[in-house]
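Some labels given to parts of a protein model rest on a cut-off or a counting rule. Here is a request to go through a few of them.

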Amino acid sequence: MRKADVVVVVDGLVGSAHDRILYTYLNQQGQEAIYSILADIHKYTKLDTRSKRQAQAELIVQTYFKQPDAMLLDHLNVKDLLILQPLIDAVDKKTCSLDMWASLDERLKRSLDWTTFFKLDMFGDFCNMIRELHPMTLVDVLGECNASRIRFLELWMREFNPAGVGNLLFWIDVQTSFLPLVMHSSPTVFSVARFEEIQVTVRRIFNTYLADNNTTHQTAVSVLDDTKKDVLTRILLYQGEPFSPARYASLFKTAQDQVWKWLQQKIFPNYQNSMLYIQWMVEVELLEVEPYLCKAYAAYHGHHASNRPKGTLLFPLPPPRAMPSIPTALPDTKLVPSSFTLAFPSTESPIFDRVLIFSIKSDASAASLALDHLRVRFSLDAYWGVDTAVPDIQPFCLLRPPLFQKSSRTAGNPTPRIHLFAFVRDSTRFYGLCVTQWRAHDDDDTVFLPVYTSFLATESLCPWRTQLQTAAIKTHQLAHMEWSPSIWADALADTHVDLPLLSPSFLAFADGISHCDVEPIFRSINLENIVAILASLLMEHRVILVSTMRSRLSEAADALVDLLKPFHWMHTFLPFCPPTMATKQLAEQPCFIGIEGTIEIKRSDASTHRIRNSLCNLSKVHPVVKDGTFNYPAELIHHPRAVLVDLDFDEVYLPLKHEPPELPQTAVRTLELAWRRVLNPRHAHADHFLFSPPPKSIETPVFVSSIERTTDGLKACMLEFLDTLFGRTTDFFRTFPNNIHLGRNKPAIAIVGCENFGVFDIDGFLEAHIELGCRDFFRQVFASEAFMDFLARQRRRFHLADIDENLE
């Protein structure tokens, strides 16, 4: 509600001591139904168990949504309740979250009309009741130097007594910056650095607030001139005497007492009669009834408070997406269609957006080319796509050496190769698939030069590997003059991909199971190492895959990212990272890259030892990664949060300074057992086959009972594992609109561009799930960008604004 640019949010009334006033006013306006649903939503957020919230949610749906009131539809500005279907479905499937009603609650409150409220005697009674319930004193406002309390007094003074703002700022500055320095100094141990810091602070405070010739316009005008002179005299005196904390603590005491007296007599009585005081009291009451909001205020404003909670995650919505280390993720050069011999405006394929064909040619003879690999040139053959410029993806495709020489023991022509890659450009993630075919040299059919066909899309092309390779082979069997815009659609016309069944479990995470095949990685890497890699990705460490085969890098990276779902990797993702780009991945941001090469270990007793625990065996080493004669930068390999994965030898290495946290052992063991049952169902039930006839159906975990393919079962097991660890996080997450402000003034939580913010109670979750243990692991995951993105996506499941946009 608003009066003279002062906002009093309805949130501060529902469930507070003034709830009756809100009910009376809405009842007079014929909006009792709106009050009832707001009150029931408020009650839902206060229930402490999931079962109680489920019962309350069922009551809300049954009461208000089965036969919706016309007034409810009018306030939502819709003809029916189709936009509320996600809420109804969540209640039916019992996947309710603590914050699921936030968007509906916010929309209903915005729809209320308060224009007549300020004209009623009820508003005066409301203000008087607030003053009676909260007889605040100046000590309550300034005693703890709480920024959320002081800001209302400061705003009032800037509007009605701007000349006296310097008095308030002087008193606060002494309390928050000067006295902590002095009081925390040891009286027996002299520190030159601390003494210099105190002297700098003293000079700054005096020159800013007490000097007659200051230009800051923040002079403490209520401090007497004699007091200012006395302070200056003592400053000069103390500089030449032994340091005494007690003497320095009283340096500004007299000046502060004069400011306090002025605030007590001249300012505070008028402030109590203002609307800003009423707004402050409403905010205080809101914090009393909303513990999550109270934690958010403490986390944001408690920079100088010793009791600032360390277990509260506060972030704007939508959360900030971490910008990967681009533009270094790709060269700055771009290819334009005019650079290609042939260019077509579209691929006419729903699978990918762009296709680039380029090859390596040489005018040198085959014999000289075999001796000197540098005598080659690029030929941009064809391009399909609507872009006027596309990233230069040649570094992701080039092979070393750039030719294939057939030996006497080699039968037939070289077989095509295929590998996947990914990169980020202009905040968009691209997925690529490169098919490498071979063309014989003009004067020697034993020397072959590569022809690269690269497909680009905004979704992974992993499930289409076989089909795209077949299409590329068919296309290159045609003459260049036969190529057309529809050639790729024609080549893929007879192909299809069988997508796996979706897992019925883990419904709170709406991503489901994707169609990436993860089974190969389980055949090449042991389960303990897979768990270690996935845990490192969850904590957003710098994971580096190393292999001599690009296809293995691509398959492993794509599978590991897919196993993380419903969490999304938010940082640099390069399944194949060329050496020229790997040298640029030296920033502190997390990254997940694959590099072509081998790992060499400097094995010595001083630098190598094994970490043996219940989870996996990791080697803490001093590694060197090479690709031929090229050594990858030590800053990349020896980063304190780096994790090196040798895909060729199934080993996970950590730098010497890396200390990984322990994972929940019970959950990890359950996951490994479930994976083994999926991979080897007959081994998991060997006694059934040994001592009795084979049963008609083998007993399997409930979360894989309806899944037919092995890869889907592996993903379902991982989903169940993530659900065990993080499935209840939505019970400790709330969102709030950032509208607790004073009209034209700044909001209380001043996050730039933030209309809403999320609050996750880390300590509350850890206390409620103390049996999981491993708090260091959970805290690192909760601090990740992926976790904030996950929480934000859970909120968007029920966000009415998004649904409205889709309907429009």
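The questions and answers below concern this predicted model and take its labels one at a time.

Q: Why are H11 and H12 called roughly antiparallel to each other?
A: Helix H11 (residues 192–210) and helix H12 (residues 225–238) pack at an angle of about 160°. Angles over 145 degrees count as roughly antiparallel, so H11 and H12 get that label. Their axes lie 12 Å apart.

Q: What is the handedness of the crossing where H11 passes H12?
A: The crossing is left-handed.

Q: Which residues of H11 meet H12?
A: On the H11 side they are Val-202, Phe-206 and Leu-210. They meet Lys-228, Val-231, Leu-232 and Ile-235 in H12. By class, this contact has six nonpolar residues, one charged residue and no polar ones.

Q: What makes Lys-228 in H12 count as charged?
A: Lys belongs to the charged class, with Asp, Glu and Arg, and Lys-228 is among the H12 residues that H11 meets.

Q: How do you know that S3 and S24 pair?
A: Pairing needs at least two bridges between two strands. Six bridges join S3 to strand S24 (residues 756–761), so the two pair under that rule. They run antiparallel. Pro-316, for one, has Phe-757 in S24 as its bridge partner.

Q: What makes S3 and S23 edge strands?
A: The open sheet has three strands in the order S3-S24-S23, with antiparallel pairing. Strand S3 (312–317) and strand S23 (733–737) each pair on one side only. From one strand to the next, the twist averages 25°.

Notes. Residues are numbered from 1 along each chain as its sequence is written. This is a predicted model: local features need pLDDT of at least 70, side-chain atom pairs count only at pLDDT 80 or more; totals for chains, interfaces and linings use all residues. Side-chain values use heavy atoms; hydrogens and water are left out. Helices (H or I, at least four residues) and strands (E, at least two) are DSSP runs, numbered from the N terminus. Axes are lines fitted to C-alpha atoms, for helices over the stretch in contact, and angles run from 0 to 180 degrees between N-to-C directions. Angles under 35 degrees count as roughly parallel, over 145 as roughly antiparallel, 65 to 115 as roughly perpendicular and the rest as oblique. A crossing is left-handed if the near helix is turned anticlockwise from the far one by less than a right angle, and right-handed if clockwise. Contact means heavy atoms within 4.5 Å.
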